[in-house]
Number of protein chains: 2
Amino acid sequence: MSDYIAPVKEISFVLNELAGLSQVCELPRFEDSSEDVVDAVLEEAGKFASGVLAPLNSVGDNEGAKCVDNAVQETAGFAEAYQQFVEGGWVALPCNPEFGGMGLPESVGMATMEMWNAANISFGLCPMLGQGAIGAIESHASDALKAIYLEKMVSGEWTGTMNLTEPQAGSDLAVVRSKAIPEGDHYLISGTKIFITWGDHQMTDNVVHLVLARTPDAPEGVKGISLFVVPKFLVNDDGSLGERNDAYAVSVEHKLGIHASPTCVMSFGDNGGAVGYLVGEENKGLAYMFTMMNHARLNVGAQGVAMSDRAYQHAVAYANDRVQGKAAGDKEKGTIIRHPDIRRMLMVMRSMTEASRAVCYVASSSFDMAHHGTDEEQRRLANARGELLTPIAKGWSTEISQEITSLGVQIHGGMGFVEETGAAQYLRDARITTIYEGTTGIQANDLIGRKLIRDQGQEFNRLIDEIRATQAEVAALGDEMATIASSLAQGADSLQQVANWVIEHHMDNPQLPGAVAVNFMMAAGTVIGGWLLAKGAVIATAKLAEDESFYSAKIITARFYAEQIMPRADAHVKMAESGSAMTMALADDQF
Amino acid sequence: MSDYIAPVKEISFVLNELAGLSQVCELPRFEDSSEDVVDAVLEEAGKFASGVLAPLNSVGDNEGAKCVDNAVQETAGFAEAYQQFVEGGWVALPCNPEFGGMGLPESVGMATMEMWNAANISFGLCPMLGQGAIGAIESHASDALKAIYLEKMVSGEWTGTMNLTEPQAGSDLAVVRSKAIPEGDHYLISGTKIFITWGDHQMTDNVVHLVLARTPDAPEGVKGISLFVVPKFLVNDDGSLGERNDAYAVSVEHKLGIHASPTCVMSFGDNGGAVGYLVGEENKGLAYMFTMMNHARLNVGAQGVAMSDRAYQHAVAYANDRVQGKAAGDKEKGTIIRHPDIRRMLMVMRSMTEASRAVCYVASSSFDMAHHGTDEEQRRLANARGELLTPIAKGWSTEISQEITSLGVQIHGGMGFVEETGAAQYLRDARITTIYEGTTGIQANDLIGRKLIRDQGQEFNRLIDEIRATQAEVAALGDEMATIASSLAQGADSLQQVANWVIEHHMDNPQLPGAVAVNFMMAAGTVIGGWLLAKGAVIATAKLAEDESFYSAKIITARFYAEQIMPRADAHVKMAESGSAMTMALADDQF
């Protein structure tokens, strides 16, 4: 089994050259950050991911988490790794210094998140969900609640969970039924939540659940949902732990992947009611959750990148090791990396992984600028860009990770189908990423509705203009870059064409946006990914002499993507422009 | 969990209207076959698949096959099902009447093979591999060997296996090392074989292994490989079973899918040598295996169709059952089949499944005609067509089954990731189909080298001409079919263009054919699938009044495919035409 090596140089390149980390580090909030500090952090994170988390990945898959007597036992070794993770300050890295955080940019946090997930996605989910819970409390809870919970969550002493889904309420949270009955300074929470990631474990003394529920007179639908903090153990005034709260994991799911991440059925209030504390105001719970949404979705996008990169590294190692047959044009038998089709698959994996990493990091750094920029217009534009890129970063990066992890299996041949090889685990683990935190369909609807149609394509067109500016730069570099330039010109044109078509036709019938959304999103992801690789190729051309091996690979990878990935964009555009008629034409009973 | 319902009407439509079953049934060999007989057979096969095999699919996945003390114990229930399978005459269905077979066309055999595999792919693999062993003996063994083995294998009383792969010899059989030492009227076989499907079990009294090995003075490479019959139990002159042969399953693989199909490591000759009988002549073993290859590959293509169809049926059932949210344009909440993106995914699944079924059945019936036709030129042309379509049927059908089974998971949302739902099993099971019996890369190399370049595109162009003829028929049907007509015109043009480009450029550099082969094959599969759906739409238009629901669905499905699947062909053509330069540009150590 191959080891995971964090691609620190590549990550640093994307952060600095494409995601504008130096501008972010100039903002007052990040005055302690700098390229050097960040590089040192990435190096250390890479070592931790490789040395501590990666070795637990396979054992976690084999043994999984278990639930016995309403308590989850995580895989052996995870508790010790988590303790080291806390001691390393990794939970605190992107958090607010006011509550003990290190205050590094979110985009740097995303880079570490990619590493934790590539090394061990089941482990990575625990701090990832914790970030969501921290964010919800920090943004919306009272100072009293913040004082009790935040420092311990930021340090990692306690973990956090997000309790949204119920059996009847998945993508549609309007039908959440869990109840919250007021009682003194708190509420009594009851109900069943499903798909609760790391809903219980023995790694920390306490687990802080963020729970959506309805108060007795709440209106129906999404406007009657409130958000509560429900700790596993109540917290005394002096900060010590009190009674066990009435909130239990009653089972864990038997899943296709992420076996070591306990996906819990949580039961609240079986013995009278779990004590919960209202976050912010009643009935605003869903809005509060939505403020966490971009962050959570971008992190899932980074998980897609992580799975793709891990699968790529594993496949490269195998292709460099396995001897089979003589490749066309070679005189002697060699390893299978000499075979053109193996190499084609590796290049597809490599180029799409790099493209999706760039899309995710650029989206994340947009929010660094949007949240902490010093100029209002700059913040507004950065926010619009981050909002536009988020569903693409999540939806596209995770969709292509299905293909990339599957190619990873394919490169291993028959051995890829044997679990001991390890390649199949990435395919199984990656499979959840297009589903949780909003399915691909939901991302695509968000993109086409809230991000394209709502502002009539304004931000989208601003992006297209930037693609065209890059195209002009690339074209000026001459013949070697010709296929990149032509693919970008074509990509920008067809993306603008389909965007205009959608804006013009979305009122034709109510099914149209939903029917074309995923193809629109896949086209956008393909072109934007190609644009960012092209920007990277321009920079690499200028820096070629500094490190020929690294920068020439950036150029070749961008060219491969232009020639062999960009044609997909046109196909998706044509599919989208065929509209909704044939999608909707069969009667329900003709399927 | 949904039940499997064999799509008998659809299968009958493809056999009769697209695969020319009536012409096949007119051949002397098939004089007892007719459309009515075949329909009755399909009905019965469908009942058997649904009633006996499908209920064992999930239990087989959960429990798997085990190997203890060099003996494989299959999943509980499989032995009884296999006994019923034998009693139903299902093994014998496509076999030669001379040895007790029912003598139905291979294409009808493929239809039943689709059903067995859709219901329970792990079970289906046992008769599928057995067919290969029967074919090898029937085509190449002496009358004496045939007399001993064939009737019992055709009846299903004994099963058969194919022992090719060794740890160092996967796609490259030139390096097979197993030995065969002559001893009297037989040979003593020794060596280790891996990935041996159904290499052992307790369902029958005997298992007949077909084994590739080298005699002492055999030349190196593929020209020194011989084929042997190695029974698990020796057979006495009176046909009764004798001693246990020195051929044992020593372990089974722990795999991503097909858990109930024991994938064995076989050890021959640990106790002095397994008694083996030479098939045909020494050193011709690989050639003998190759005569089985088309058949085996087509059957794996049918497995792709089977997995796709099962995943589709499962997803339709869930989409018709799960209530979540209100679809755009609907007044009330309904099941998720009302959501445009769910419907888009179902239509992608449905249309590609139908297209791949048509490709596989047409390929199979070409061989019915090639092997049993009465006119030499007709046989030659049918054989060329079958040869051309085989790598596409295998490679393309199984590649798209990865996407289709993954969409099946996606439609289930979070439940799709939970194993109890069953959707994930199809994804796991399907994953092997692009690997065994020659990977997708090997299929594509076969297509581009032996089927396109070798005859300079002659048969390929004959196919393009037929596509253009269908295009003209479709165009004459008017506006409703306009997108089908235009997609076929475009598809035929770009397919011919890329074929000509390959023929012209394949000598440019030795890596080129291998680098572009998979994209060429995917383009060809996409267009040929669209062509067959278009032929179906023409027929459906004429028959619409006979069964409006069925035939209108055929037309809508063909139109959806034309609009939303056919654009992929152009993309693959562009990828192929970008050549090999960027695929080969990175140095091995730059990956």
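Mentor: A salt bridge is a side-chain nitrogen of Lys or Arg within 4 Å of a carboxyl oxygen of Asp or Glu. With that rule, a search of the whole structure finds 60 salt bridges over all chains. Keep in mind that this is a predicted model.

Trainee: What makes A:Asp341 and A:Arg344 a salt bridge?
Mentor: The closest N and O atoms of A:Asp341 and A:Arg344 are 2.8 Å apart. The cut-off is 4 Å, so the pair qualifies.

Trainee: Why are A:Asp341 and A:Arg344 separated by about one helical turn?
Mentor: Because they lie three residues apart in helix α9 (residues 340–372) of chain A. Both A:Asp341 and A:Arg344 are buried.

Trainee: What makes B:Glu10 and B:Arg357 a salt bridge?
Mentor: Their closest N and O atoms are 3.0 Å apart. The limit is 4 Å, so this pair counts too. The pair links distant parts of the chain. B:Glu10 sits in helix α1 (residues 8–18) of chain B and B:Arg357 in helix α9 (residues 340–372) of chain B, 347 residues apart.

Trainee: Why is B:Glu10 called buried?
Mentor: Its relative accessible area is 7%. Buried means under 20%, so B:Glu10 is buried. B:Arg357, at 2% relative accessibility, counts as buried by that rule.

Trainee: How do you know that B:Lys554 and B:Glu354 meet in a salt bridge?
Mentor: The N to O distance is 3.0 Å. That is within 4 Å, so the label holds. This pair also links distant parts of the chain: B:Lys554 is in helix α16 (residues 548–564) of chain B, B:Glu354 in helix α9 of chain B, 200 residues apart.

Trainee: Are B:Lys554 and B:Glu354 buried or exposed?
Mentor: B:Lys554 is buried, with a relative accessible area of 7%. B:Glu354 has 8% relative accessibility and counts as buried.

Trainee: Which residues of chain A are linked in a network of salt bridges?
Mentor: A:Glu10, A:Glu114, A:Asp309, A:Arg350, A:Glu354, A:Arg357 and A:Lys554.

Trainee: Which residues make the contact?
Mentor: A:Phe78, A:Ala81, A:Tyr82 and A:Phe85 of α5(A) meet A:Trp116, A:Asn120, A:Phe123, A:Cys126 and A:Pro127 of α6(A). By class, the contact has eight nonpolar, one polar and no charged residues.

Note on methods. Residues are numbered from 1 along each chain as its sequence is written. Chains are lettered from A and ligands numbered from 1 in the order in which they are written. This is a predicted model: local features need pLDDT of at least 70, side-chain atom pairs count only at pLDDT 80 or more; totals for chains, interfaces and linings use all residues. Side-chain values use heavy atoms; hydrogens and water are left out. Contact means heavy atoms within 4.5 Å. Helices (H or I, at least four residues) and strands (E, at least two) are DSSP runs, numbered from the N terminus. Ala, Val, Leu, Ile, Met, Phe, Trp, Tyr, Cys and Pro count as nonpolar, Asp, Glu, Lys and Arg as charged, and the others, Gly among them, as polar. Buried means under 20% relative accessible area, exposed over 50%, partly exposed in between (1.4 Å probe, protein chains only).
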